[in-house]
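Dear colleague,

I am passing on the structure we spoke of, with some notes on its backbone, one of its helices and its aromatic rings. Please read the notes with the model open beside them.

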Amino acid sequence: PEKVYVTVRQAGDSDATNEPIATTLERATSETGWYGLALVGFNEGTDTKAAATWAEANNKLFGFSWTGSEIPVDITSYNRTFAMYYTGKEENTDAKYSALALMAKCFGYDPGSVNWYYRTLSGISASNLTNAKIAELNKVPSGYYITVGGKDIVMGAKVGTGEWIDIIRLRDWLISEIRDNVFSYLVASKKVPYTDKGITGIQNRIEEVLRTAQKNGAIDNDITDENGNKTKGYEVIVPRASSISKAEKKSRILRNVTFTARLTGAINLAYIKGTLTY
């Protein structure tokens, strides 16, 4: 990543306490342009849960690493929190920063263009896990970093709800980019008329973002089936000005603008069957 921000957690009311994690993270929002966060030195369940709750409410991605027999917080209700399991003693292993390393690796790619599964992490040691432990982690769900076929790779790569991390990042990016693109259009224009032309202008700004996502490989291209029927990779649907009531126009709020987009997804595993014959 181009930049890494460090926000210091300040002392609380007494020498034995620290300010709430949410307070620290709220202060970090004075800097813009960042998306992912990780805690360093604060690994207790209460702090982890507080950070996960804050990330969910503020559309940020939170990653944490953990070890031991039980994950410090149940993350199954969180869409923007992911976990990375590691083995080794807490005080002397670099693997405790695997979640941070995974974000540092993947944030270097455009949203939707990289699968967080199979990534190799810089400066992180792979863990030795049994098949039983891997099956347990897949149910949590939690990611992990192991050696497969002589390669150190990330496995798992899901947020707490079970969605893939790269899809969550893409979704948040799309929301942010579409919002900013439409807002810039409204602000830069002397006036966007409540006509088909003005509505089309908003439609065009949405399509600009979706085209970028398509170029990055996140959204599928248009496809044509064997019968010549064409299915678009994405489509933005807007109302005609003539279908909008006078009261709605008077409010100066445009509603019923929607889009659909088909994800390209990613292949993580392939099952192959073959037959040998004479």
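Arginine 252 is found in the loop between helix 7 (246-251) and strand 9 (258-261), where helices (H or I, at least four residues) and strands (E, at least two) are DSSP runs numbered from the N terminus. Its phi is near 65 degrees, a positive value in a residue other than glycine, and arginine 252 is exposed, with a relative accessible area of 77%; buried means under 20% relative accessible area, exposed over 50%, and partly exposed in between, with a 1.4 Å probe and protein chains only.

The model is predicted, so local features need pLDDT of at least 70 and side-chain atom pairs count only at pLDDT 80 or more, while totals for chains, interfaces and linings use all residues. Residues are numbered from 1 along each chain as its sequence is written, and side-chain values use heavy atoms, with hydrogens and water left out.

Most residues other than glycine have a negative phi, and most peptide bonds are trans. Tyrosine 118, in the loop between helix 3 (98-106) and helix 4, has a positive phi near 75 degrees and counts as partly exposed at 31% relative accessibility. The peptide bond from valine 140 to proline 141 is cis, with omega near -5 degrees, and proline 141 lies in the loop between helix 4 (131-139) and strand 4 (143-148).

In helix 2, the buried residues are Asp47, Thr48, Ala51, Ala52, Trp54 and Ala55. Seen down the helix axis, these buried residues fall within an arc of 165 degrees, so they line one face of helix 2; the arc is that of the directions from the axis to the C-beta atoms. They pack against helix 1 (21-28), strand 1 (36-37), strand 2 (61-66) and strand 3 (81-85), contact meaning heavy atoms within 4.5 Å. On the other side of helix 2, Thr46 and Ala57 are exposed.

A search of the whole structure finds 8 aromatic pairs; rings of Phe, Tyr and Trp (its six-membered ring) pair if their centres lie within 6.5 Å, and planes under 30 degrees apart count as stacked, over 60 as edge-to-face and the rest as tilted. One of them, tyrosine 35 with phenylalanine 107, is tilted, at 6.0 Å centre to centre and 55 degrees between the planes, and this pair links parts of the chain 72 residues apart. The rings of phenylalanine 107 and tryptophan 116 have centres 5.8 Å apart and planes at 75 degrees, so that pair is edge-to-face. Tyr35, Phe82, Phe107 and Trp116 form one aromatic cluster.
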